[in-house]
Amino acid sequence: DYRRHFGSGAGLVFGPAIYWWESPRASRRAALQPMVREGLYQPPSLLPEFLESGYIKTPNPTGSLMARQILLEASRYSRAVGLNMVEDIYLWSDIALRYPIYASARPLFWYRQRSDSTSAQGKARGEFQSLRRKHLRWLCGYILKNNLV
């Protein structure tokens, strides 16, 4: 899919995860990640969709394929973020602002959910909303600083 949509250019291909739980009580539960419509999106058209969905429709690092160039360029802000939860949304925001994205409707992987994961514990402690506000402040500054609108 990657070369078909981007040729030799940089971009991102991602698809939905199938979430599954390993605990015996939840082992029969599985869920398909909500997704944007399948297709090729030009920047910045997916950013509002990512933000409005509370990040649920953003790519998952496990099921994403992107150009090496994108990751190398992302290193310029990765140290500034300094988080261990929702740090990937900074990357998805940057990509959505600057690169084309192909969203596949085909589930690409299974993603294990655990109640003791960093994300689950952070959400249980109520940290998600403050991290979301931090991201939105960063995003506004990033857009203005880099003249991305």
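Two strands are taken to pair if DSSP finds at least two bridges between them, and the elements themselves are DSSP runs, numbered from the N terminus, with helices being H or I of at least four residues and strands E of at least two. The model is predicted, so that local features need pLDDT of at least 70 and side-chain atom pairs count only at pLDDT 80 or more, whereas totals for chains, interfaces and linings use all residues. Residues are numbered from 1 along each chain as its sequence is written, and side-chain values use heavy atoms, with hydrogens and water left out.

Strand β4 and strand β6 (residues 101-103) pair in the antiparallel sense over three bridges, and G39 stands opposite A103 in β6. These strands belong to an open sheet of four strands, ordered β4-β6-β1-β5 with mixed pairing. Because β4 (39-41) and β5 (64-66) stand at the edges with a single partner strand each, one side of each is left without a neighbour in the sheet. From one strand to the next, the twist averages 15 degrees.

Helix α4 (residues 88-98) packs on the sheet, touching β1 (12-14), β5 and β6, where contact means heavy atoms within 4.5 Å. The direction of α4 makes about 50 degrees with that of β5; axes are lines fitted to C-alpha atoms, for helices over the stretch in contact, and angles run from 0 to 180 degrees between N-to-C directions.

Within strand β5 lies S64, which counts as buried at 17% relative accessibility (buried being under 20% relative accessible area, exposed over 50% and partly exposed in between, with a 1.4 Å probe and protein chains only). Not counting residues up to four places away in sequence, S64 touches L12, V13, F14, P59 and W92.
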